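Me: I'm new to this one. Can you walk me through it, piece by piece?

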Amino acid sequence: MKKWIGLLLIALLLTACGNTDSQSTEQNEDIDKLKKVTVVLDWTPNTNHTGLYVAKEKGYFTDKGLDVEIIMPGEAGANQLVAAGKAEFGVGYQESLTEARVQDIPIVSIAAVIQHNTSGFASPVEKNITSPKDYEGKAYGGWGAPVEKAVIASLMKQEDADVEKVDIINTGDTDFFTAVKRDVDFAWIYYAWTGIEAELRGEELNMQYLADYSDKLDYYTPILITNEALIAEDPDTVRAFVAAASQGYEYSIDNPQEAADVLIKAVPDLDPELVKASQKWLAPKYQDDGSQWGIQEKSVWENYANWMSENELLEGKLEVEKAFTNEFLPKKENE
């Protein structure tokens with residue numbers, strides 16, 4: 001009897017192993033059927049990117065037939081990698097894409113991650129910078145791009161202040177909190193991340209949001225991008241990626257804490273408290289007053305391109321219709 005029981009157990013184990021192998025084979029075959037694509041971030045992972053991580057974790061990309069790898073930009077930025085076809089998709093900015101298009105770099109914005117510009121100039125309250133006029137006699141810390149001085153000048157001009165009285169210093173990648181204590185008086189930040197971090201630190205900031213001073217500076221930042229070749233040769237993949245990303249961001253809008261947990265799980269080095277607070281602040285701003293997440297308006301692209309031209313930051317004229325598209329956003333039921 002013991003012998004037969006032993007044989008029966010062995011048979012059951014072999015059957016179970018066979019089933020497991022079969023299931024594993026089927027899963028591998030399913031994965032092999034997915035189209036592998038890469039999306040390169042603009043910076044280290046943060047709540048601007050949550051929808052992408054949610055789409056990956058929740059299986060939205062898989063449901064659309066995609067196996068998506070999310071990577072860091074490294075020395076080459078998202079624009080360069082996407083333009084060269086070394087990544088199918090990327091996270092970019094309207095500012096840099098506008099410049100790229102004028103230089104005949106064939107990248108296209110396929111969705112606005114955030115509907116309005118949440119960036120601006122921040123300073124500790126003890127610096128007493130409450131408006132652009134107060135920039136006079138102060139030191140600004142940035143990354144050395146011509147657009148920085150032009151933006152500061154635009155805000156100061158409205159208050160009859162002189163940008164030449166601002167000491168503009170290239171602080172590179174220096175941490176904002178270190179820079180304003182050691183080197184400068186104010187800097188350009190995204191409030192959703194650095195501003196929220198200041199709140200958690202108990203460090204009160206004065207903030208001048210660009211969008212409060214000029215409609216032309218209320219541009220899309222960040223955006224999702226791809227290249228013209230992929231749009232022409234494989235529009236179905238672009239449509240699938242945007243549809244899944246849209247699901248990811250919509251989930252993040254409706255479930256900010258759960259979405260934050262997804263980002264924390266994917267990137268454990270992030271500060272959980274900062275991620276959760278940032279996600280709560282940013283969730284309603286992803287879509288804001290847009291008709292749907294990701295939608296882009298022609299006027300926003302025209303306004304910013306005109307502003308860049310007025311400030312001699314463009315070497316040519318932007319063909320707005322080629323810079324962005326809403327074609328790949330999911331169609332809503334009432335459309």
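Predicted model: local features only at pLDDT ≥ 70, side-chain atom pairs only at ≥ 80, totals over all residues.

Me: Which residues sit on which side of strand 10?
Reply: Ile 223, Ile 225 and Asn 227 are on one side. Leu 224 and Thr 226 are on the other. Both faces are covered.

Me: In what sense do strand 3 and strand 10 pair, parallel or antiparallel?
Reply: Antiparallel, over 3 bridges. Strand 3 is residues 89-92. Val 91 has Leu 224 as its bridge partner in strand 10. Gly 90 stands opposite Ile 225 in strand 10.

Me: And strand 4, over how many bridges does that pair with strand 10?
Reply: Strand 4, residues 107-112, pairs with strand 10 over 5 bridges, in the antiparallel sense. Ile 107 has Asn 227 as its bridge partner there.

Me: Back to strand 3. Which of its residues are on each side?
Reply: Phe 89 and Val 91 are on one side, with Gly 90 and Gly 92 on the other. They are all buried, and both faces of strand 3 are covered.

Me: In what sense does strand 1 pair with strand 3, parallel or antiparallel?
Reply: Parallel, over 2 bridges. Strand 1 is residues 35-40. Val 40 has Gly 90 as its bridge partner in strand 3.

Me: Which residues have the most contacts inside the largest nonpolar core?
Reply: Leu 52, Leu 224 and Phe 241. This core has 61 residues. Helix 10 gives the most to it, with 8 residues. Another core lies apart from it, with 44 residues, among them Ala 150, Val 151, Val 300 and Leu 314.

Me: Give me the overall picture. How many helices and strands does the chain have?
Reply: The chain has 14 helices and 10 strands. Of its 335 residues, 49% are buried.

Me: What about the surface? What share belongs to carbon and sulfur atoms?
Reply: 48% of the accessible surface, which comes to about 16800 Å² for the chain.

Me: And contacts along the chain? What share joins residues 24 or more positions apart?
Reply: 80% of the contacts with a separation of 6 or more.

Me: New topic, helix 11. Which of its residues are buried?
Reply: Helix 11 is residues 256-266. Pro 256, Ala 259, Ala 260, Val 262, Leu 263 and Ile 264 are buried in it.

Me: What covers the buried residues of helix 11?
Reply: The cover includes helix 2 (50-57), helix 10 (235-254) and helix 12 (272-287).

Me: Where is Pro 272?
Reply: Pro 272 is in helix 12. It is partly exposed, at 39% relative accessibility.

Me: Now the rings. How many aromatic pairs does the count come to?
Reply: 17 aromatic pairs. One of them is Tyr 249 and Tyr 286, which is edge-to-face, 5.1 Å centre to centre, with 75° between the planes.

Me: Why does that pair tie together parts that are 37 residues apart in sequence?
Reply: Because Tyr 249 lies in helix 10 and Tyr 286 in helix 12. Both Tyr 249 and Tyr 286 are buried.

Me: Which residues form the aromatic cluster?
Reply: Phe 121, Tyr 135, Tyr 140, Trp 143, Phe 186 and Trp 188 form one aromatic cluster.

Me: What lies over the face of Phe 177?
Reply: Arg 201 does, at 3.9 Å from the ring centre. Likewise, Lys 285 lies over the face of Trp 281, at 4.1 Å from the ring centre.

Me: Last one, Ile 196. Buried or exposed?
Reply: Buried, with a relative accessible area of 3%. Ile 196 is found in helix 8, residues 191-201.

Me: What is Ile 196 in contact with?
Reply: Leaving aside neighbours within four places in sequence, Ile 196 is in contact with Tyr 191, Leu 274, Ala 277, Ser 278 and Trp 281. Ile 196 and Ser 278 are 82 residues apart in sequence, yet 6.0 Å apart in space, C-alpha to C-alpha.

Conventions:
Residues numbered from 1 in each chain as written. Heavy atoms only, no water. Helix = DSSP H or I, 4+ residues; strand = E, 2+ residues; numbered from the N terminus. Buried < 20%, exposed > 50% of the residue type's maximum accessible area, 1.4 Å probe, protein only. Contact = heavy atoms within 4.5 Å. Areas by Shrake-Rupley, 256 points an atom, 1.4 Å probe, with all protein chains shown as cover. Pairing = 2+ DSSP bridges. Core = buried A, V, L, I, M, F, W, Y, C linked by side-chain atoms within 4.5 Å. Phe/Tyr/Trp six-rings, centres within 6.5 Å; stacked < 30°, edge-to-face > 60°. Lys NZ or Arg CZ within 6 Å of the ring centre and 35° of its normal.
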